[in-house]
2 protein chains.
Amino acid sequence: MIANRQIAFAARPEGRPAAETFIMREAPMPVPEAGEILCRNLWLSVDPYLRLKMHDRESYTPPLQIGETIPGRSVAEVIEARAHGFSKGDLVAVSGGWQDFAAVPAKAAKLIPLRTPHPTAYLGPLGMTGETAYAGLLQIGKPKPGETLVVSAAAGAVGGLVGQIGKVKGCRVVGIAGSQEKCRFVTEELKFDACVNYRTPDFARALKKACPNGVDIYFDNVGGPVTETVLPLVNTFARMPLCGLISQYDGQQAGDPRALAELMRWILVRRITIRGFIVYDIAPNFPDFEGEMTKWLDEGLVVSREHLSEGFDNIVPAFLGLLGGENTGKSIVRIAEPSSLL
Amino acid sequence: MIANRQIAFAARPEGRPAAETFIMREAPMPVPEAGEILCRNLWLSVDPYLRLKMHDRESYTPPLQIGETIPGRSVAEVIEARAHGFSKGDLVAVSGGWQDFAAVPAKAAKLIPLRTPHPTAYLGPLGMTGETAYAGLLQIGKPKPGETLVVSAAAGAVGGLVGQIGKVKGCRVVGIAGSQEKCRFVTEELKFDACVNYRTPDFARALKKACPNGVDIYFDNVGGPVTETVLPLVNTFARMPLCGLISQYDGQQAGDPRALAELMRWILVRRITIRGFIVYDIAPNFPDFEGEMTKWLDEGLVVSREHLSEGFDNIVPAFLGLLGGENTGKSIVRIAEPSSLL
């Protein structure tokens, strides 16, 4: 009998999660019910928002419960189909979780064309990551040609796509990232106009220099001091899609006690719009997303870097590395090969 | 020769302005140029945003300069017209400033129908105050029937109108004000569904009780701890038009050092929209404002309380009282009678 390895939530972390936050266990192979497909996970997506789910308090999804298998998107192979429209051997994008096998409702599975050269794109630019970048930037950022778009976590999965979409829309695009190496990646591979390293003492001045016409859109993935540094640069009527707050997911650090008043002041005097969103809220407004993104990928207008880890044992290290900012591009863990390649 | 009494900006205040912030002086009667009208101010509007202009730093209007006559809207009588469409004796709403006489461009003057029973309505519900409430609530708040609207500074000029417009639009309307007496005014005269006194220790609990279905729109005039108290009550997809920040105009008090992170967290997890605005930005989107507001006033759906002071010497005290929260309704100072009544 084949066991189903799972990574479950073992203990609520205080501060940064660690190996002890998780436990690996073996469960019986799941049995699909009518309308479900049994999937073998091949590639797992590892995402920052999981950290937010580890707090025992309200978020946009329910808190993780101790003992719960860690959820997440995956590209998987159908090994048994109890639903129309799916066959053994199909590749699908599903919410497969951090485990070898998952039985999931077919209705929630996305069939991936078998000849797709890069099925992992369905975890990146063609998946939730891409939809987050696309819908958030277009609906809330409302980019116009010639405007300046600043993106934090620019070397990350969402940030890198946001900037590239901004370039397609004619913006001057300035990234913020955490190392010189990441900044080089952002300007050389992703073709942002500039990228500034927030870990240097010169950050505020360098950012200002990179934005000679101010900032019209600030797509925020991080919050905290980086956001406070961007604020004085925003132009009247700036838009700030708030997509993530990775800087404060480990716990809300005490900051400048005047920071809230300062933010409110900028919102008022510059008539800024800040809007938090998650992809499910606004993606339905963009039915053309997949077609447009596919075209951009084909034309090379958008490229996607993957930060690929290998093997089940590297899922947790990949997640911890992501929270520590070690990734460049989309964090993905390959835990199995498709049968067709075996 | 008739002198023109003026109140000018004498000294930038540290903290709360005082009598010394201003100086009264006499200037020669202004002489209108072609295209201008010479006005005698009858009623002056006294507004909180003036405090924001007293800081020597960027705001949505240039900082006041020392020696500058304090600006402000007024209802005035035309005493000499050098422009078509205006005649001696006409009543106009203009940016007349804190002085007896002003020569202003006719293009920027609004003619008030001579038989208007309440010309001061053009400083209140039919003026900038009313447009601020109307356009801010409709464009950013987007009220829908059955939603809960919370308004801070509910006994103030803008706040009182916002809540009444919210009632017209079918919302449950909850005010926040600074005394039991103001709260009574808000519920009994303005017909809000509830009003909570933020100066009581029970404030947070009372507000929660007054909003059993949470808060869909928070129209903010004050910022600071009041805003922080509202935040946890807002519903998913709440809208927060940010109209003013009177609690921090005297200087940004140090607050809870985690307050910014907390705000950002709420914006993200509840997918809130916060948008700062000033009336000039959005009023042009609402060409029907005056007609609709006039109808509501005629039907008694909207009432306007004026906090009236008498005489030129009471302009400064009226403004200081406004900043201290002493007003109920729109602060207006009558400095002269129309000639027709003399």
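## Relation of the two chains

Chain B can be laid on chain A with an RMSD of 0.0 Å by a turn of 180° and a shift of 0.0 Å along the axis. That is the relation of a two-fold axis. The superposition is made by least squares on the C-alpha atoms of residues with pLDDT of at least 70 in both copies.

This is a predicted model, in which local features need pLDDT of at least 70, side-chain atom pairs count only at pLDDT 80 or more, and totals for chains, interfaces and linings use all residues. Residues are numbered from 1 along each chain as its sequence is written, while chains are lettered from A and ligands numbered from 1 in the order in which they are written.

## Overall form of chain A

Chain A contains 10 helices and 15 strands; helices (H or I, at least four residues) and strands (E, at least two) are DSSP runs, numbered from the N terminus. The radius of gyration of chain A is 20 Å, close to the 20 Å that the globule rule gives for 342 residues, so chain A is as compact as a globular protein of that length. Here the radius is taken over C-alpha atoms, and the globule rule is 2.2 Å times the number of residues to the power 0.38. Along its principal axes, the C-alpha trace of chain A spans about 65 × 45 × 35 Å.

Of the 342 residues in chain A, 52% are buried. A residue is buried if 20 or more other C-beta atoms lie within 10 Å of its own, exposed if 12 or fewer, and partly exposed in between, with C-beta atoms placed from the backbone. Among contacts in chain A between residues at least 6 apart in sequence, 65% join residues at least 24 apart. Two residues are in contact if their C-beta atoms, placed from the backbone, lie within 7 Å.

## The interface between the chains

The contact between the chains takes 34 residues from chain B and 34 residues from chain A. On the side of chain B that touches chain A, the elements that give two or more residues are helix H7 (259-269) and strand E13 (273-276) of chain B. H7(B) gives the most, with 10 residues. The residues of this side divide into 17 nonpolar, 8 polar and 9 charged; Ala, Val, Leu, Ile, Met, Phe, Trp, Tyr, Cys and Pro count as nonpolar, Asp, Glu, Lys and Arg as charged, and the others, Gly among them, as polar.

The copies meet through the same surface, because 100% of the interface residues of chain B are also interface residues in chain A. Strand E13 (residues 273-276) of chain A and E13(B) pair in the antiparallel sense over 3 bridges, where pairing requires that DSSP finds at least two bridges between the strands. In E13(B), B:Ile274 is the bridge partner of A:Ile274.

## Helix H7 of chain B

H7(B) is mostly covered, with 9 of its 11 residues buried. Among them are B:Leu260, B:Leu263, B:Trp266 and B:Ile267. The buried residues of H7(B) pack against elements of both chains: strand E12 (234-242), helix H7 (259-269) and E13 of chain A, together with helix H6 (224-230), strand E12 (234-242) and E13 of chain B. Just after H7(B), B:Arg271 takes a positive phi of about 55°.

## Helix H3 of chain B

Helix H3 (residues 157-168) of chain B has 12 residues and reaches 17 Å from its first C-alpha to its last, close to the 16 Å expected at 1.5 Å a residue. The expected span is 1.5 Å times one less than the number of residues. H3(B) is mostly covered, as 10 of its 12 residues are buried, including B:Leu161, B:Val162 and B:Ile165. What covers these buried residues includes H2, E8, strand E9 (172-177), helix H4 (180-189), strand E11 (215-219) and strand E15 (330-334) of chain B.

B:Lys169 is found in the loop between H3 and E9 of chain B. With 18 C-beta neighbours inside 10 Å, B:Lys169 counts as partly exposed. Leaving aside residues up to four places away in sequence, B:Lys169 touches B:Pro143 and B:Pro145. Just after H3(B), B:Gly170 takes a positive phi of about 90°.

## Two lysines with positive phi

Phi of A:Lys191 is near 65°, a positive value in a residue other than glycine. A:Lys191 lies in the loop between helix H4 (180-188) and strand E10 (194-197) of chain A, and is partly exposed, with 15 other C-beta atoms within 10 Å.

B:Lys142 also has a positive phi, near 45°. B:Lys142 lies in the loop between helix H2 (128-141) and strand E8 (148-152) of chain B. With 15 C-beta neighbours inside 10 Å, B:Lys142 counts as partly exposed.
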